[in-house]
Amino acid sequence: MLQTGQHQVNIAPLGMKEPVPKADLRRAAASKGRWRAFLPVPGAVLVALAVHLGLPNNELPSEAGLYSRFLTFILGAAVAAGLVQFLWPGLRRWMRNMCPIFGAAILTLSLWELITGVLRWLPLPYFPAPAAVLQSMVNDRALLFDSTWHSLLLLLSGYVLGVAIALITGVCIGWSTSMRYWGMPLLKVVGPIPATAWIPLAMVVSPSAMLSAVGLISLAVWFPVTMLTISGIANTRASYLDVARTLGAGRIYLIFRVAIPAAMPSIFVGLFMGLGTSFLTLVVAETVGVKSGLGWYVSWAQGWAEYGKVFAALIIMAAFFSTIMTLLFKLRDRVLGWQKGMIKW
Amino acid sequence: MVTSSPAASNEGSPLRILGIKKTFPAANSATAQTPALDETTVSVAAGEFISIIGPSGCGKSTLLRLIAGLDFPDSGELWVGDAPITGPGAERGLVFQDPNLFPWLTVSHNIQAGLVARGVLHQKRHEVDEFMRLVGLEAFAHAYPHHLSGGMAQRVALARALINHPQVLLLDEPLGALDAFTRMRMQDEVLRLWQARRTTILLVTHDIDEAIYMGDRILIMTPRPGRVEQIIPVALERPRQRNSEAFLRLRSEILDLLHLAGSDSRKSGGGPFPEGGASGTTPPVPGNSPGCEISSPPTGGTDWPDLDAQVIIIGGGPAGSTLGAYLAQAGVRHLILDQAVHPRAHVGESLVCSTTRIFQDIHFLPVMEREPFVRKYGAVWTHWGNEQEHVIRFREIPELGLTQDYTYHVDRSRFDQLLLQHAARQGSRVLENARVENVEFDASGAATGVRVKHNGQERRLRCRLVVDASGRSTVLGSQLHLKRHDALFDQFALHNWFEGVDRGPAETADYIHIHVLPLPRAWAWLIPINRTVTSVGIVTKGADFTKGGETAEAFFARHVASHPLLARRMAGARPVQEFTREGNYSYVMDRFAGDGWLLVGDAARFVDPVFSSGVSVALESAKRAAEAIIHALKRNRVSADAFAGYERTLRAGVDIWREFILLYYQLPPLFLDLIARPDTRGQLTKLLQGDVYDRSAVPILAQMHGTIQAVAADQQHPWHPHLSKDLIPAGEN
């Protein structure tokens with residue numbers, strides 16, 4: 001910054017990045033966000049550490065040590081990020097938005113520990129303290145990873161197969177009146193049966209448990225996606241089709257370039273509904289037939305009364321399913337970017 | 001069949017409609033049939049433009065759908081050229097009232113849809129750009145339809161139909177949903193395309209004026225059952241004058257045929273508007289032919305032609321001329337009185353982007369493009385405390401509805417003269433060197449006319465409506481004591497034209513430069529007027545100038561020297577004329593309208609020009625005043641309440657300018673900081689382009705307000721010394 005001598009006293013920084021005296025930060029409106037980004041997580045971790053270390057509990061020393069290290073690691077990471085955000089506005093915006101939620105999650109963890117480990121209001125071994133769950137997760141990580149991987153494979157193959165079939169049947173039934181005449185009654189009768197109700201039959205018919213699970217998941221996905229594809233295609237605005245016809249469009253163009261894009265919002269509703277039912281079917285199928293996956297792991301751990309592992313698997317399942325859901329939302333945001341006023345995930 | 005250029009001629013085909021009938025199943029019964037079209041026979045020549053008009057239910061749209069091949073007649077035949085119509089085809093394009101753009105495709109993909117559908121995209125991809133240019137939308141190639149205004153979407157729909165080079169173009173009320181001005185512009189655009197390509201066009205409309213303005217022949221249809229009642233040839237020269245006598249006569253004939261003719265419009269001799277009230281008779285205005293130049297009436301005392309008009313506009317500056325052009329387009333008889341003889345000097349030399357839209361409305365843009373005005377692509381701010389240039393480029397935020405990413409710097413004497421001449425060519429009557437002594441009112445307080453002095457003669461002119469566009473002379477505001485000074489902006493300006501000014505880096509040389517000076521609320525403008533001349537002005541608080549007792553030159557030099565960068569840029573500058581002062585800058589009128597009168601532009605309100613808002617306010621207010629006036633005359637009500645909406649809109653728009661300017665002055669470093677930041681500069685750019693009207697909320701202003709409050713409360717804040725504290729309390733209300 002070039003400055004002329006006599007004015008030096010009054011020169012003000014023209015950017016916001018210049019350091020501002022610390023005492024004033026609380027007062028200046030523009031600076032408020034920095035503390036909101038910084039404080040929640042370290043604060044919550046300190047509370048959790050206080051509960052964990054300061055109050056007498058029934059945790060095993062090894063578990064307790066691991067949990068302390070875990071909390072300390074989070075504290076370190078949060079403080080580091082909190083310092084970086086003072087210099088990096090992009091990170092600050094994200095942290096200002098997310099850190100209160102993270103803080104609340106850590107406080108919930110601490111409340112859980114208070115109820116289970118310190119006050120012992122809930123019966124053991126059904127409700128272990130977070131330290132024990134963390135320990136189970138670390139000890140059994142290989143098997144948990146393997147189970148997650150199998151669940152992912154099963155879910156994806158079932159879902160993709162179901163969606164592919166559903167799109168074909170949906171477009172056919174939605175577009176062609178004769179297909180609709182024959183297809184709709186079948187769909188109306190067979191579709192509403194929950195996929196899990198087919199399990200006894202599927203086990204008999206299918207050569208392997210894995211195959212029957214894939215079939216069941218596809219069936220679960222197929223019905224909602226088909227229904228909403230039909231409705232989307234059949235409700236394509238007649239004027240779009242008229243316009244396309246006057247532009248010289250043939251049937252292929254009408255179906256693939258007009259009807260299907262116009263049906264996309266509706267198809268995505270079906271994809272979300274199908275994803276929900278596929279989670280349900282996956283867990284049930286793994287519990288009763290398939291000998292791998294997170295669903296199997298939960299019932300297996302429950303058989304050995306290792307409730308720490310049950311909780312560990314539930315936490316991983318939550319992260320796993322919500323990640324897949326988020327990915328589907330991201331895909332929708334890309335594909336339906338043309339829609340006005342779409343709600344972002 | 002298809003040539004590569006969109007300007008290819010004679011693409012049209014003849015069309016024969018032979019005895020077709022069409023019935024639809026009635027909605028409430030399985031067996032009953034509703035006749036939609038009864039025994040219709042029409043034959044259309046190649047390249048002919050047919051307007052189809054009639055009340056709803058007369059089968060207009062059914063006829064188009066049958067020709068398009070989307071429906072089939074119960075009996076009869078349809079032929080295009082030598083081929084019978086058996087279904088939809090690309091040689092017959094159809095544009096609906098709703099543009100029906102595919103919302104999932106961008107503008108360019110929508111336009112190329114026809115090429116994709118016919119599988120010829122590969123060979124004809126270059127035509128996509130041509131057609132995008134043809135309808136002036138190349139800047140929006142990658143926008144999605146929901147970003148477009150109604151007029152733009154309809155232009156895309158037209159381009160999409162035209163890219164197939166149809167032999168027959170079917171237009172089903174495509175302009176029905178547009179506002180009056182966009183509509184007139186689109187009509188001319190369709191005519192231009194038709195004249196370039198000689199496509200056969202069938203236009204369904206329910207607007208009689210549109211039918212006459214556009215068609216070679218008009219098909220008049222009647223309902224229940226739908227059939228062609230009559231075919232009327234339109235034997236008017238093109239381009240047609242919407243207010244010519246022959247046009248109006250044809251209009252009333254058609255109204256009679258449609259049994260719609262209102263008694264009002266026929267009593268007043270076929271004109272679209274009721275004629276002047278108190279004056280009784282209104283003889284025809286001489287010299288109202290197209291191409292009429294600015295005329296001075298003869299000076300001989302007695303044979304001064306009668307200049308009574310429906311609307312008298314005081315002042316021929318940008319506001320008055322623009323209003324005149326709009327009124328001329330709508331066929332409202334009016335007279336512009338200007339005190340000066342053009343050309344005459346004026347400040348306010350830099351425009352904002354939103355004015356382009358108005359230039360388009362009144363067909364003035366070609367004139368602007370032809371003149372050697374300097375194009376303004378953006379703005380540069382600097383602060384006296386450092387060397388940094390804060391640049392805003394208009395192209396970063398395309399203003400929707402505009403096809404160019406620049407506006408202009410103008411020599412106001414030339415610009416104002418051109419605009420006034422343009423209004424005269426559009427049909428405005430202009431009287432120069434005519435000083436309005438006062439506006440006359442009747443006993444009830446309604447304006448009835450003006451007393452005007454011209455070449456030493458004094459004369460009364462009567463009218464239904466007086467519009468004060470006298471700018472900072474504020475003829476009517478002063479007469480009615482409406483004027484209140486805006487104490488917050490007691491600003492003062494000293495300016496001149498210079499040669500030899502260094503305009504800085506080449507990229508921003510044509511931008512307006514605003515240099516913030518050390519004194520509170522002091523700044524300098526640098527506006528390129530032409531290749532060599534730059535307009536430079538210093539603006540300060542009024543008190544800062546008057547107290548010094550310096551000469552203008554010394555004052556100017558002292559302020560230039562206070563900004564090191566500005567001083568360097570001005571080092572080799574020579575003034576080319578005397579310094580001019582403008583004092584006592586800002587004011588607002590208590591009311592903008594009353595019974596029989598209306599204020600537009602600076603005559604209504606003047607705010608500090610730091611963001612080049614002056615001409616924009618003049619033009620925008622003229623446009624909105626024109627809408628209000630046309631509407632009021634149609635309803636035959638020119639009392640104050642007819643203009644309440646106008647006053648509200650204008651007040652709201654200028655309030656946003658004022659708020660923006662006020663916040664700017666309160667804390668200049670904040671503004672510079674915000675334009676340097678990518679997340680806020682867009683919003684500021686839009687404001688600086690003139691996007692202040694028809695807005696309910698301006699989040700960026702609220703944000704600025706909040707920050708200023710915080711800085712004001714914080715004595716330690718580094719910006720605190722830069723606050724203009726005297727402005728802050730007023731920011732609260």
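Predicted model: local features only at pLDDT ≥ 70, side-chain atom pairs only at ≥ 80, totals over all residues.
From helix 2 of chain A the contact draws on A:Pro40, A:Val41, A:Gly43, A:Ala44, A:Val45, A:Val47, A:Ala48, A:Val51 and A:His52. Their partners in helix 4 of chain A are A:Cys99, A:Pro100, A:Phe102, A:Gly103, A:Ile106, A:Leu107, A:Leu109, A:Ser110, A:Glu113, A:Leu114 and A:Val118. Sorted by class, this contact of helix 2 with helix 4 of chain A comprises 15 nonpolar, four polar and one charged residues.

Two packed helices are described by the angle between their axes and the distance between the axes. Helix 2 of chain A covers residues 40-54 and helix 4 of chain A covers residues 89-118; they pack at an angle of about 10°, and their axes are 8 Å apart. Helix 2 of chain A is therefore roughly parallel to helix 4 of chain A, since angles under 35 degrees count as roughly parallel.

At 1.5 Å a residue, its 30 residues should span 44 Å, and the end C-alpha atoms are 40 Å apart, which agrees. A bend of about 40° occurs in helix 4 of chain A at A:Met98, and the proline A:Pro100 follows within four residues. The buried residues of helix 4 of chain A are A:Arg92, A:Met95, A:Cys99, A:Ile106, A:Leu109, A:Ser110, A:Glu113, A:Thr116 and A:Gly117. After helix 4 of chain A comes A:Arg120, with a positive phi near 55°.

Chain B contains 22 helices and 32 strands. Of its 733 residues, 51% are buried. Among contacts in chain B with a separation of 6 or more, 73% are between residues 24 or more positions apart.

Most residues other than glycine have a negative phi, and most peptide bonds are trans.

The loop between strand 10 (227-233) and helix 8 (245-257) of chain B holds B:Pro239. The peptide bond joining B:Arg238 and B:Pro239 is cis, with omega at about -5°. B:Ala235 also lies in the loop between strand 10 and helix 8 of chain B. Because B:Ala235 has 9 C-beta neighbours inside 10 Å, it counts as exposed. B:Ala235 and B:Ile212 are 23 residues apart along the chain, and their C-alpha atoms are separated by 9.7 Å.

B:Val42 belongs to strand 2 (residues 33-44) of chain B. With 18 C-beta neighbours inside 10 Å, B:Val42 counts as partly exposed. Apart from neighbours within four places in sequence, B:Val42 is in contact with B:Ile17, B:Leu219 and B:Val228. B:Val42 and B:Leu15, which are 27 residues apart in sequence, are 8.2 Å apart in space, C-alpha to C-alpha.

Methods
Residues numbered from 1 in each chain as written. Chains lettered and ligands numbered in written order. Axes fitted to C-alpha atoms, helices over the stretch in contact; angles between N-to-C directions. Helix = DSSP H or I, 4+ residues; strand = E, 2+ residues; numbered from the N terminus. Parallel < 35°, antiparallel > 145°, perpendicular 65-115°, else oblique. Contact = placed C-beta atoms within 7 Å. Nonpolar A, V, L, I, M, F, W, Y, C, P; charged D, E, K, R; others polar. Expected span 1.5 Å × (residues − 1). Bend = angle between axes of the 7 residues up to and from the residue. Buried ≥ 20, exposed ≤ 12 C-beta atoms within 10 Å, placed from the backbone.
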